[in-house]
Amino acid sequence: CFAILNQLLGTNARFIHAGYDVKTGEIAKSKEYDIVMCHDLVQHMVEPLRFIRSLSRMAKQHLFLKCPCWLDSTGDYYVTMGQPYGISRDPEFPWCFDHDNIPSWALLEKCLRLCGFTRITPIETYSFPQSAASAARQFVAFCVLASRD
């Protein structure tokens, strides 16, 4: 991804690994960058929208996400959650939803707008299985480019 962006934009992007603190909702060592990329992490967060907010604080101009979401005909705001797992760091309540926390497209778009992005461009990808589809709702993996004007 970085090589392609560097070539297209004439930049020198690099990968920076930073830890995310689930209790504070902060990303360690975070600075502001022109472009922030996050690939297949949102659905693994206990609070996916809070994680997106943390990413948006780092993005001066663009936030590029790849994450699954639900497309449906209702336009409702919701997050579906997978099965709870016993891996939480909280010793008093060791269960958390750390996987398959999937927002609806309407909620993901609303979250990005609340974070100050004015242009949101979905880019559908086909490398992820299109499972659990119904007439009203379809599971898809999108790449999303959110930009500030």
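Start with strand S3: S3 gives the largest share of the lining of the largest pocket, seven residues. Strands are DSSP runs (E, at least two residues), as are helices (H or I, at least four), numbered from the N terminus.

This is a predicted model: local features need pLDDT of at least 70, side-chain atom pairs count only at pLDDT 80 or more, and totals for chains, interfaces and linings use all residues. Residues are numbered from 1 along each chain as its sequence is written, and side-chain values use heavy atoms, without hydrogens and water.

**The pocket.** The largest pocket holds about 810 Å³ of space. Select Phe2, Arg14, Ile16, Val36 and Met37, the closest to its centre of the 28 lining residues. Then colour H1, S3 (33–39) and H2 (48–58), the elements that give two or more residues to this lining. A pocket is an open set of points on a 1 Å grid over the protein atoms alone, where a 1.4 Å probe fits, with protein on both sides within 12 Å along at least five of seven lines; lining residues have an atom within 4 Å of a point.

**Helix H1.** Go to residues 2–9, which form H1 and include Leu9. Leu9 is partly exposed, at 49% relative accessible area; partly exposed lies between buried (under 20%) and exposed (over 50%), with a 1.4 Å probe and protein chains only.

**Helix H3.** Move to residues 105–114. Trp105, Ala106, Leu107, Leu108, Cys111 and Leu112 are buried in this helix. Stop at Gly116, which follows H3 and has a positive phi, near 95°.

Conventions
Grid points are joined across faces, edges and corners, and a volume is the space filled by probe spheres set on the points.
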